[in-house]
Every structure is written in structure tokens, then in C-alpha cells.
Amino acid sequence: MQNKGFVRVFAVLLTLVCIFYLSFTFVANKYMNEAEQTAGGDRVKLSYILDSLSTEKVWGPYTFKEVREMEINLGLDLKGGMNVILELNVGDVLKSLSGNNRDENFNKAIAAANIRNAKGEKDYINLFAQEYQKVSPNGNLAAIFGTFELKDKINSNSTNQEVLKVLNEELESAISNSFNVLRTRIDRFGVVAPNIQRMEQAGRISVELPGIKEPERVRKLLQGSANLEFWETYESAEILPALQMANNMLVSTEATVDTTKAEAKKEEAPVSAADSILNKVASQNEDQAKLAADNAEYERRNPLFSKLQPALMQNGAPAPGPVVGYAHYKDTTAINQMLHTKAVKDLLPRGTKLNWSVKAVDEKGQFYQLIALKASNRNGEPALGGNVITDARADFAQNGSGQEVSMSMNQEGAKQWARITRENEKKSVAIVLDGYVYSYPRVNGEIPNGRSSISGNFTPEEAKDLANVLKSGKMPATVKIIQEEVVGPSLGHEAISAGAISFVIALILLMVYMMAVYGIVPGIIANLGLVFNMFFTMGILASFHAVLTLSGIAGLVLSLGVAVDANVLIYERAKEELRNGKNLKKAVEDGYNNAFSAIFDANLTSIITAIILFMFGTGPIKGFATTLIIGLVVSFFTSVFLTRLVYERGLAKGWFKNLTFTTSISKNMLVNPKIDWVKLRKKGYVISAIVVGGFLISFFVRGLNYGIDFTGGRNYIVRFENPVNTQEVQKDLSPEFDGASLSVITIGENNQVRITTNYKIADESPLVDDEITAKLYKGLKPLLGETTLDGFTQNNIMSIQKVGPAIAKDITTGAIWAVVFSMIGMGLYILIRFRDISFSAGTIASAFHDTLIIIGVYSLFHGWLPFSMEIDQSFIAAVLTVIGYSVNDTVVIFDRIREIIGLHPNVDRKTLINDALNTTLARTISTSLSTFIVLTCMFILGGDIIRSFCFALMVGIVTGTYSTLFIAVPIAFEIQNKKSKLKE
């Protein structure tokens, strides 16, 4: 093998990189396990330990928080949590940009664009432009959008195309603002390892929140519009005396005593360096107990100031500025509770608001400032709202001292801003978003024109963040949830168990299969390749900070099957070379060389379908595609190069002797078969025509069971204490849902059902989700026993999934294009690779045949088999995977045909086709069998979530093998045969 040195170096470097990234997962698990053992099941104590560890260095220069961010994160289906797709209301953005223009044609165009967008049509601004052109063919958009705020970008001479370009730029800014607001809100929510991403379609944002247990609270958090405000402030000297009085007053209250006792208990777990933290918490000594008692006494005497450190100078005088104190983030809730009592409020000046800074002031990110805000009227309102901002940007300071943020206001805002800055000269004005203070710049003098510069020791990132905060008040655009999935933690733990068991058993079965069919030594070498394949795949996933889902585990297992296929190809070719009289070393060398092109083509075709799947899929499907792509690339490297290094080393050292790549089981299996496949092809056509015809009848009579991915709706998985009858459940629920579609099926055990409904799916009110939950509770109450609505929501509802009509339309369109592009892509690749249209025609016919068979099976058997057979995204993923597998199988045979033609150009086509099919038959059966074994394992043990997906793949493996032998190659033969006759 050439370039052996490069392969070795690359393998070593890849191994080191994978070890580095995977090490974070092992370190994070180590500390998590130790923390859980130390906490002894006490969740409060566990939270305290993890908080204490978060900023300590536990792995070289990395803190525990950074280690957890670098580990392989589990997806929602394995961990539990919430996944939502949000969509910005672009219509609101355009109305805001127009100054809420009342022009009749403008508002008609907005209404028509809203209707088309709700039906799934994309590019809202283009839709608006089309509708405006319809209602006002000679209309001038500059007259609509030529507002004061946009005067620098749009004037009376601007063409409609120029206006649309500005609107697209402003929309991009609005989306960025919404993204930043959501990111900040999620960070403040305290979710570990959240994932927030902008999607390709304009205005859509995907949010993943692992471990969420309060979906109702999250919905309100995410869908609330940004609330930017400018507040006048008090000087700390005006507030601290009142806080001192509050501290003294709180000493005698019973509530404070209870609070301090609880906090004293928490002090029993002191904070120290990473390793010593766990030891100190685990073993309390007398000194620590005394310290805890002293702390408790100090807290009793100073209930407020034991948690809030006053902002004082060294001489004890109040520090200048609006900051009244500093506190550890764990103490902010207790401080808020004390400050919000009526007695404390009465001590503070009228209209005082005490708000926390959005960012910590220390390097470890633990201490926050408390800022004193001053209401500007008797209603407790801010001095100015954020809707007056027209623009904000980060730039270099004019004096060259770093970054500054400039902002401009509309005419009305400029007037108010001039008054505010005049009245607050040499004082601070706080910039507040969603209740958190982002900045409190000091006013140097009156600003008459609404154009201001905020200077400070900003980093470029901080300046950009502040500019985005200011721009967030510019657009009062709302966001709505158009797709949602909530997975309960218990369902996630079950999925982890099922996924791990199915993966381990599938891996063991593959290893046993390889040794049983090809011998102990070849089997061990192939299995070594599988182990490295798995290791490299997981390491690369970790380096990408990818999220591992149950679908991802399925992709990993499937990639192992592809790796086995490569080894099978190599071993079958080596067996042929041995039978042709070559020595072992030469047979192995030629086996690798001759199998290379087939392995390359087979992997590349599978990667093409996986890429298409990644492009058109969402959520877990992208996870499956990502894992599969990485696994396919890695399997090619391990199977073709790494295992070959082992063989070359072993043969050179004389370690491997008398290898036959057979065992007593496989020695005489499919050796030199003489099947006349060409003669059998017409029988194959007839069988396919009958089967496909029967399935088409079923399709028109029974149809398909479309899931909510394609129809829109909600799924609720509900678990009961005792077995339930699905028909009785549906009967009990029907009166509650006013004739809306409703279906109930068993999922897993007979005490767990999935309830599907499209009730009010088009209603965008945030109250609909709570309404449906209440209806479910009311209808199911006879089956629930003594359970409250909250108990039902937290304990009985295992998962929730919502798909709105607009995204359902997008998913449907994407699925159709994915299948079409996949078939066209396969056909084009085969045409380019083999330069023969007959091969492309056979490939496309085979893929189309397999797709029809799988759809037909799901049409005929849905409702009869004891698991869900819905047509959803997972089903489309299975179809595309089958197309890739079928082409993979076909390419191997086409590659052999090309090879035989090169060796024997004058052989007749019938003999050539039969020889190619017969010589590759052992590989075809062996690969199909090994993959089928893996899928069967996943189907039985992998859990309900991927059972239907695995079943579709199992059907595809069978029909793909059949179509390769009786559809793809025979059709190529028919076309080639006709070409030959025409030449004659």
C-alpha cells in the first residue's frame, strides 16, 4: 500500500484529537457521579455542589462548566427537555417599519401575504411585494416606508426594488435582535447546555432546552416581546440608608429566621478547589461546624447584608453611582424576596426599583450588581421606552480609547431624551431589557438631537451585544411557536437504556458474525476496525459539540453495518483470489485493490443520500444524517486503510498463516453459483408487478397514516398506572375536543398511549396549550385516580409534540424534494461514474421500486401491526437511507460488470450479467444478512421511538436486495441488449 507513513501519522493524530475531545465527557461524568454520591439523593445539595464546582479548574485549564460544555451532550429524546421552533412575525416588522401606515392597499397586501405564508409559502417580503403589486400595480413603496427612521435609507426617489432591499436588511436585523434577546433570556433561565440556532428560512429560530420541567413557563418566556427601557437612577447614597433600616427591621421577622436557618444548612457545604470541594462536603469537621454556626449567627443579625454586600468605598462612605450592592447569584432570589416585601418597599423612596445587572462583575461569573432605578412618574414607569430607537451600532471611539456604542432616536424620542439628559447631568441612565440592567452610562450633558455615544471599557463583543440590546427595542415584533416537542425525563432515561442495550448487542452480533463467517483472525481484525470506527466517530462528534440522539445512535449502528460491508467486499475478493491460486499475501493485496472502487462508490452514494437528508431534515433527522455521514467517512478509512496496515504488518512478520477467510460454516456457502439470473428476470418483473399493483390498490383504498409532521397537530404520550383500552380512552376524550380529529394508539406497554389531535392547531394564542392539557385531564380523569391537573402534567404526560400548519407544509415539500433529489443524484452519479445510461436507468428504477414497496407496506399494514406506522420525518429518513443502501448494493455489481468487460470485452451480455451477479452473490447475501441482524436488534430493543424507523429499513433491506438482483441489473441488461441489436 502506498503512503503508509501518511496513513499512520493521520491515524495517530486523529486518535489524539478524539482522545482529547472524548476526555471531557469522561471527566464530566466522573465529577457528576462523585457529586451525586456526595449529595446522597439531596437535589438541593447536588445543585450546591455543582454550582461550587462550576468555576473550578478540573481538567487542565478547563473549569467544570467548560468541561460540561465540551462533553457529548445527550439529545432531548435521551435526556428529556424541550425543543421549539419559533417564527418571527414578519408582518409586524413591516408594519413597524412603515410607522403602522394605514394605507388600505398596504394593509391588504400584508393580510394576503400572511395567508400565503400560513400555507407554507416562504420568503415573506417577496410574498408581500407580489401582493402589493396585485392591489396597487403603480404603487410606490417609498411612500409607505419613507419614514423618519428610514430617511437615510429610503427617499422619495427610491424604486420598489431598492425599498425591498432595505426591508430585507431591516428584517435581518430584526431576526438578529430576536435571536440575541432569546439567547439572553435562555441564559438567565439557567438551562445547562442550551442550543439556540438560526434556521435557513428567514425568521425562524430553533431552541433546544435539555432538562426543562416547566414547559408552560418556557413558552411564556420565549414568546414575550422584548421590553427595552431607559430608567433614571438613584445614587447609592440615597438608597443605602434605607437598606440599612431594612436590614435591621428584618432581624426580628419569623420568616427571616426560617430563611437564615435554611441558608445555614447550605453553608455546611463550603466552596473550595475542585477536588477538595467534594471531600469537604463529604466530611464535615468540628471547625466547619463552628464556622457554620458563626455564619448562621451573622446571618441572623444581618439577614439582608449577609447576602448583599453594600457598595462602599474604603472609608465606609457609599460609592458614587447607582450600584447599591453586590451578591452571589445563589443569593439573588432570597434578596429579591426580602426587597419585595411591603415593609421594605415602604422604607425605600417612592418609585424605587432595584434590578440586577445582566452580567457578572467577577471573572468567575458569580457576583452581580444591584442597581437602583428611579421611576419617572407616579405610575412607576421608565423615563423612555425602547421603541424610540432607530439605529444602534458598535464602533471605535473617536478618542481612540477602544469601543463605543452609538444610538439614534426618532423625533419624539429625541425630544424626551434631551429633557432626560438635561435633568440627569452627571448622573446615570440605566438601559434595561426584560428587567435586567445592561449598562448605566453617566450623562455628561444634554443631548439635543437624539444621537448619543456610550463609551466605556467595552470589548468588541460587549459593544456589539449592547448595540443589539438597543436595537431590540426598535421592532415590537412578536415570535410564535410553530413546532414544539417536550420529552419527560423518565421517557428519556428509558430511551437511553433502550438505545445503549440495542447498540451493544448489535455491536456484539456484528463481531460474532464476522468471526463465524470469515474466521477468528479476519474477524478480529475486522472487529478492531469496527471499534476504531466507533471511537473515531464519537470523537469527531465530540469535536463538533454535536448532540447525541436516539436517531444518532441508529446512524452510528448503521454506519457500523456499512463498515462490515466494506470488510465483506474485501474478504470475498480475497477468497476469490485464493481460489484462483494466488498466495495469501498477494490475495490480500489484490482483495483490497480490487474492492477499493466498489467500496468507494458504495460509500459515496450513501453519503450523497445522507447529505440530502441533512439538507431537508430537521431535528433528530439531522442528527441521524450527521452521525451517518461521519460514520461512513470513518468506516472507509478504517476498513480500507487501517485494517490493511494490520494485514501487511502481520504478513510481513509471519503472524498470519493459512488464512482462508472461511470457516466450517461458510466454507461451501455460495461457492461458484451458476444461477441464470437473466432467465429469471421476467419472473422477477411479474412478481414485482403483482406486489406493487397490490400495494397501489391499498394506497388508493386505505391511504397512508400521515403523522403530524405532514398534517400539523399535537401528540401527547400519556402514561397510566394501570393498563387502558385505547377505544375507551378515545371515547372519553371525544366530547372534549368538539369534533376535531382525535386518535389514540398504544405506545410500548399497554398502560401508555399516544393521543393525536389537530384541535385549534391554527390558533396562535399562547393559552391553547394549557386549554388542551386541561381538556385531556378532564377527559382522562376517571382513569387517573387521585391526581391534580399539575400532577397530571408533571407525572402522566411523558412527552408533547406540536407541529403547526406552516411548518407541516414545509416538511411535506422538503420530504418530496429530498426523495426526488436523492433519486436524481444517484442516477447522475452512476452515469458519471460508469458512463452508461443503462446503469443509471436501472438504478433509478430500482430505487423507485423500493420506495413504492416501503410505502405500500405502510399503507397495507398500518393499524394491524402493534407499533406506529405513521408517515413522518423518520419514515422519509428511512426511505432515503434505503435508496442509498439499494444503490450501494447495485453499485457493487455494476463495478464487477465494468471489471469483467475490461478483462473480457467480447463476452456476451447475458454471460457477463450472470457472472457479475453470481460472483458477488455471497457478498450481497452476507451484507444484507449482517445489516438485517443489526436492524432486527434495534427494532426489538431500541425502543418505541425508532421502532417504525427500523421496520422501514428492514423492509428496505429485503426489497433492496431483491431489486438489485431482479430490477436494477436486469433493466440495465434490457437497455444494453437493445443497443446491441440496434448496432447489428
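R898 forms a salt bridge with D895, their closest N and O atoms lying 2.7 Å apart; the term salt bridge is used here for a side-chain nitrogen of Lys or Arg within 4 Å of a carboxyl oxygen of Asp or Glu. The two residues sit 3 residues apart in helix α31, so about one helical turn separates them. Helices (H or I, at least four residues) and strands (E, at least two) are DSSP runs, numbered from the N terminus. R898 is partly exposed, at a relative accessible area of 28%, whereas D895 is buried at 5%. Buried stands for under 20% relative accessible area, exposed for over 50%, and partly exposed for values in between (1.4 Å probe, protein chains only).

The model is predicted, with local features needing pLDDT of at least 70 and side-chain atom pairs counting only at pLDDT 80 or more, while totals for chains, interfaces and linings use all residues. Residues are numbered from 1 along each chain as its sequence is written, and side-chain values use heavy atoms, leaving out hydrogens and water.

By the salt-bridge rule, the count comes to 27. One of these pairs links E870 to R754, with 2.4 Å between the closest N and O atoms. Because E870 lies in the loop between α30 (837–861) and α31 (873–903) and R754 in strand β22 (residues 752–757), this pair ties together parts that are 116 residues apart in sequence. E870 is buried, with a relative accessible area of 7%, and R754 also counts as buried, at 10%.
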